[in-house]
Amino acid sequence: VVATPTLLASIATDADRPVVMGIWAAFFGISMAILAMLLPGLLPLGGLSAVFIFNGVGMLIIAALLYPLLPKARGQAMPISFIREHKIIYTTPRLIIAGSGFVWYTASYIALLAVLPIALKLPVWVITALPLISIVGTILGGFLAKRIAPDRLANIGFALTALSAGLVWALAPAIWPLFILFFVMAPIPAGFFAAIPYFNETLTDRARATGGIAQMGNVGTTLGTPIFVLSLDAGGLTAVCIVLVLFCLAGMSCTLFLRRQII
């Protein structure tokens, strides 16, 4: 989560870097799509244990494939202060701008995949299709980041997501507004991952910014689902859409505030 995007940003050309980071940002959609397709077959083989075994074996295979491809030269070791590094990351606008917005995206994306199937009684094919649609939107966002400032692209995604939330609420239980929602939400992570090399030139700062976005992303995925589940229980689909709009506004506000600090 930290090393890979840092390596990608370092080896990509300036022209291709936004596209490369956009492809990397599609990992959310790709992982959810793979799980949606494989879980029905894995669970009967051994329940959740089979899922974890499959994940572990997959990681070992990836490690074996990558090992001969990665450079063997070692960089110079640097003494690191855990507390000092966190202070630098969270008090430097250009280092934390990506993480400060990404947290609101991660708080929404996985949570919506958890609560919308319940709220709208979605068939399995829709649950599988939604991450696939987000993959297309995220990769497209990487290409858009070549022409649009990454932070601005992310905020456009937040604005369109808020509007799409109103569409989902107004036209429920129609399914097609969900496809629009997940498509316009997808450029948000592409924008934030592209913002890491956009605002930070050195490998050290890019690693710091990537660490920040990883930490804030985990905060979002941890807190988002319980919040949306409680909202669904308290107020149904209406409450879910309201929370989504509020999260979008929060993401836009954080990004705009820190962008002004950088300028």
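1. Start with the cover over α2. The elements that lie over the buried residues of this helix include α1 (3-11), α3 (27-66), α6, α9 and α10. The buried set itself is R17, P18, V19, M21, G22, W24 and A25. That is 7 of the 9 residues of α2, so the helix is largely enclosed by the rest of the structure. Keep in mind that this is a predicted model.

2. Overall fold. The protein has 10 helices and 0 strands. Along the sequence the pattern reads α-α-α-α-α-α-α-α-α-α. The C-alpha trace spans about 55 × 50 × 35 Å along its principal axes. The radius of gyration is 19 Å; a compact globule of 263 residues would have a value near 18 Å, so the protein agrees with that expectation.

3. Burial and contact range. Of the 263 residues, 44% are buried. Take the contacts with a separation of 6 or more: 80% of them come from residues 24 or more positions apart.

4. The core. The largest nonpolar core holds 56 residues. Those with the most contacts inside this core are L112, L116, L181, F182, F192, F193 and F228. Two or more residues come from each of α2 (17-25), α4 (82-91), α5 (93-120), α6 (124-144), α7 (150-171), α8, α9 and α10 (203-262). The largest share, 15 residues, belongs to α5.

5. F192 in detail. Which residues does F192 touch, leaving out those up to four places away in sequence? They are I97, A98, G101, F102, A154, F158, I213 and T255.

6. Helices α8 and α9. The axes of α8 (residues 176-185) and α9 (residues 187-199) come within 5 Å and cross at roughly 5 degrees. Angles under 35 degrees count as roughly parallel, so α8 is roughly parallel to α9. On the α8 side the contact uses F183, V184 and M185; on the α9 side, P187, I188 and P189. By class, this contact has 6 nonpolar residues, no polar and no charged.

7. Helices α4 and α10. Here the packing angle is about 85 degrees and the axes are 10 Å apart. The range 65 to 115 degrees counts as roughly perpendicular, which means α4 is roughly perpendicular to α10. From α4 the contact takes R84, E85, H86, I88, I89 and Y90. From α10 it takes R208, G212, Q215 and M216.

8. T6. This residue sits in helix α1. Is T6 buried or exposed? Its relative accessible area is 13%, and the cut-off for buried is under 20%, so T6 is buried. Not counting residues up to four places away in sequence, T6 touches L203, R206, A207 and T210.

9. Backbone points to check. A cis peptide bond joins A172 and P173, with omega about 10 degrees. P173 lies in the loop between α7 and α8. In the loop between α5 and α6 is K121. Phi of K121 is near 50 degrees, a positive value in a residue other than glycine. K121 has 71% relative accessibility, so it counts as exposed.

Key: Residues are numbered from 1 along each chain as its sequence is written. This is a predicted model: local features need pLDDT of at least 70, side-chain atom pairs count only at pLDDT 80 or more; totals for chains, interfaces and linings use all residues. Side-chain values use heavy atoms; hydrogens and water are left out. Axes are lines fitted to C-alpha atoms, for helices over the stretch in contact, and angles run from 0 to 180 degrees between N-to-C directions. Helices (H or I, at least four residues) and strands (E, at least two) are DSSP runs, numbered from the N terminus. Angles under 35 degrees count as roughly parallel, over 145 as roughly antiparallel, 65 to 115 as roughly perpendicular and the rest as oblique. Contact means heavy atoms within 4.5 Å. Ala, Val, Leu, Ile, Met, Phe, Trp, Tyr, Cys and Pro count as nonpolar, Asp, Glu, Lys and Arg as charged, and the others, Gly among them, as polar. A nonpolar core is a set of buried Ala, Val, Leu, Ile, Met, Phe, Trp, Tyr and Cys residues joined through side-chain atoms within 4.5 Å. Buried means under 20% relative accessible area, exposed over 50%, partly exposed in between (1.4 Å probe, protein chains only). The radius of gyration is taken over C-alpha atoms; the globule rule is 2.2 Å times the number of residues to the power 0.38.
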